[in-house]
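Reader: I'd like to learn how to read helix packing in a model. Can you walk me through it?

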Amino acid sequence: YLDGLNKKAKAIGAVNTIKITRTGKFLGYNTDYYGFKKTLQPHLKAHHKSALILGTGGASKAIAFALKKLNISYAFVSRTASNNATYTYSQLSKNIIQNHHIIINCTPLGTFPDVKACPDIPYAALNNEHILFDLIYNPSETTFLKHGKHVNATIINGEKMLALQAEKSWEIWNS
């Protein structure tokens, strides 16, 4: 339904913002990338070289694009084996968790009203060098993030990402 794509949206393969031009054309953009990257950057340390992306939907594509731009390697985790996923949840081991110091939840698990749900990963392998980033912002501290907080990992919810996305969308619509 779009007449064109912004360069980044085309590379990502997902659109979450549409601009209607003065001539009535529909152009697709992705602001997930921008919001995630700007939210994560201040928390990065030298040992944050590898990430696990939980989920393989549209948002996960933007997250992968941002990680690539930050020179952070990543692997996708999904419920079932697929071409998009490096691992299934059942394949995740203590060693895999310990070798990926950034874990991003791109699934709806833990969102209101099922706030007790969380991705099935070996949380006992987490430590204070991890960053747990949950795209969810309601509740502000998901069960996923609570597991990270328990071991003094850096925890980030999706609220700032959402605000930055909104600002970027506003900029796109008004440019």
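This is a predicted model: local features need pLDDT of at least 70, side-chain atom pairs count only at pLDDT 80 or more; totals for chains, interfaces and linings use all residues.

Reader: What describes two packed helices?

Author: The angle between their axes and the distance between the axes. Axes are lines fitted to C-alpha atoms, for helices over the stretch in contact, with angles from 0 to 180 degrees between N-to-C directions. Helices are DSSP runs (H or I, at least four residues), numbered from the N terminus. Here, α2 (residues 32-40) packs on α3 (residues 58-69) at about 50°, the axes being 8 Å apart. The two are therefore oblique to each other (under 35 degrees is roughly parallel, over 145 roughly antiparallel, 65 to 115 roughly perpendicular, the rest oblique).

Reader: Which residues of α2 and α3 make the contact?

Author: Contact means heavy atoms within 4.5 Å. From α2 come Asp32, Tyr33, Phe36, Lys37 and Leu40, and from α3 Ala59, Ala62, Ile63, Phe65, Ala66, Leu67 and Lys69.

Reader: And at what angle do α2 and α6 cross?

Author: Roughly 130°, with the axes of α2 and α6 (residues 159-173) coming within 8 Å. So α2 and α6 are oblique to each other. On the α2 side, the contact uses Asp32, Tyr34, Gly35, Phe36, Lys38 and Thr39; α6 brings Lys160, Met161, Leu164, Gln165 and Lys168.

Conventions:
Residues are numbered from 1 along each chain as its sequence is written. Side-chain values use heavy atoms; hydrogens and water are left out.
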